[in-house]
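Hi,

Here is the structure I said I would pass on. Have a look at it first, and my notes follow below.

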Amino acid sequence: MKAWQLSEPRKFASIEIDEPSSPGPGEALIRTLRMGICGTDISCYLGKFPFFDFPRIPGHELGVEILKTGDGVENIKAGDLCSVEPYLNCGDCYACHKGQVNCCQNLKVFGVMMDGGLCEQSLIRADKLHPSKKLNSEQLALVETLAIGCHASDRGNPQEDEHLLLIGAGPIGLATLEFNRLSNAKITVMDMSEERLDFCQKYYGINSVIQFKGDGSEKEKMLQATNGNLYDLVTDATGNQHSMSGALNYVAHTGRLVYVGITTETISFTHPTLHRPEISIFASRNALPKDFPRIIKLIEDGTINTDPWITHHIKFDEVDRCFPEVSHPSSGAIKAIIQVSE
């Protein structure tokens with residue numbers, strides 16, 4: 001069967017692979033229907049993601065159909081449509097025993113540290129599949145991105161009427177915004193792209209937006225928006241070391257900073273910038289199993305509207321040509337979906 005493999009940075013290869021065997025105990029055979037392209041996929045494509053090795057079949061944001069289940073599987077059945085939780089934790093390490101399976105010390109992420117879903121069929125652990133009777137495959141392919149934002153929001157723990165700054169309005173930033181807004185915090189979004197800021201105003205009703213120009217005017221606008229106190233919670237979703245290094249300058253005294261973006265570069269700041277206001281810094285990695293059914297329910301009941309997210313579609317046989325186009329900022333893509341199979 002056909003699969004797309006990242007053979008080296010910036011190069012997709014169409015390859016033929018063997019069909020999977022029948023699922024063993026606790027496993028399921030899945031057909032990939034839709035795959036979402038996220039910042040991780042783009043970083044992998046560019047050769048910049050620290051946990052990705054070449055060659056690799058990508059694909060971790062997936063809407064799939066269950067074809068067959070192995071012995072002992074009770075949470076799903078053949079014909080179900082599911083979202084994939086791609087974080088394959090070991091269950092035995094220190095983090096797993098604490099319930100923090102997103103930080104498993106032996107973690108393998110489907111489509112990142114192992115071959116993923118940019119192919120017709122795959123085998124995966126059945127406990128990592130989350131079904132819905134109401135959502136379509138495109139909506140289900142968005143659940144993993146939203147889960148990253150859900151966990152990041154939980155890490156920051158926004159409270160009603162707090163001032164909150166979200167830096168970076170790409171897919172991960174927007175996913176975080178989806179959940180931050182449920183807290184009724186006073187939200188400001190900052191990005192370099194005027195189009196992305198317009199998107200936040202149009203679809204999320206964010207009145208306070210700042211276009212980052214690097215001329216120092218941003219800080220003055222922040223002080224005006226927060227009555228001179230800066231932000232109780234700052235979340236940086238850029239993955240840019242310069243933005244992440246500077247984010248502490250926007251945090252109020254006793255405030256919190258969450259890094260949900262990832263970079264391989266050094267983040268630096270002077271210690272007094274952290275120490276004087278007693279800032280708390282949080283990393284946010286992946287998501288937890290409980291986040292997936294929560295998100296599915298929020299989409300099902302209309303609390304989260306996924307319609308504005310999907311801006312581009314790619315046919316399966318056009319991945320090598322179209323992926324570079326939608327991964328470039330000039331494409332205006334919020335979320336591109338690959339139509340793997342029907």
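**Pocket, sheet and helices**

The second largest pocket holds about 160 Å³ of space. By pocket I mean an open set of points on a 1 Å grid over the protein atoms alone, with protein on both sides within 12 Å along at least five of seven lines, and lining residues have an atom within 4 Å of a point. Grid points are joined across faces, edges and corners, and the volume is the space filled by probe spheres set on the points.

Before going on: this is a predicted model, where local features need pLDDT of at least 70, side-chain atom pairs count only at pLDDT 80 or more, and totals for chains, interfaces and linings use all residues. Residues are numbered from 1 along each chain as its sequence is written, and side-chain values use heavy atoms, with hydrogens and water left out.

Back to that pocket. Its lining includes Asn-229, Leu-230, His-253, Thr-273 and Arg-276. Strand S14 (251-259) and helix H9 (271-275) each supply at least two lining residues, and S14 gives the largest share, three residues. (Helices are DSSP runs of H or I with at least four residues, strands runs of E with at least two, numbered from the N terminus.) The lining splits into seven nonpolar, four polar and one charged residue, with Ala, Val, Leu, Ile, Met, Phe, Trp, Tyr, Cys and Pro as nonpolar, Asp, Glu, Lys and Arg as charged, and the others, Gly among them, as polar.

S14 also sits in an open sheet of six strands, ordered S12-S11-S10-S13-S14-S15 with parallel pairing; strands pair if DSSP finds at least two bridges between them. S12 (208-211) and S15 (280-283) are at the edges with a single partner strand each, so one side of each has no neighbour in the sheet. The twist from one strand to the next averages 15 degrees (axes are lines fitted to C-alpha atoms, for helices over the stretch in contact, with angles from 0 to 180 degrees between N-to-C directions).

Within the sheet, five bridges link S10 (residues 163-167) and S11 (residues 186-191), and Leu-165 stands opposite Thr-188 in S11. Helix H5 (residues 171-180) lies across S10, S11 and S13 (231-236), at about 160 degrees to S10; contact means heavy atoms within 4.5 Å. Nine of the ten H5 residues are buried, so the helix is largely enclosed by the rest of the structure (buried is under 20% relative accessible area, with a 1.4 Å probe and protein chains only).

Cheers

Key:
1 Å grid on protein atoms, 1.4 Å probe; cavity = no way out; pocket = protein on both sides within 12 Å on 5 of 7 lines; lining within 4 Å. Buried < 20%, exposed > 50% of the residue type's maximum accessible area, 1.4 Å probe, protein only.
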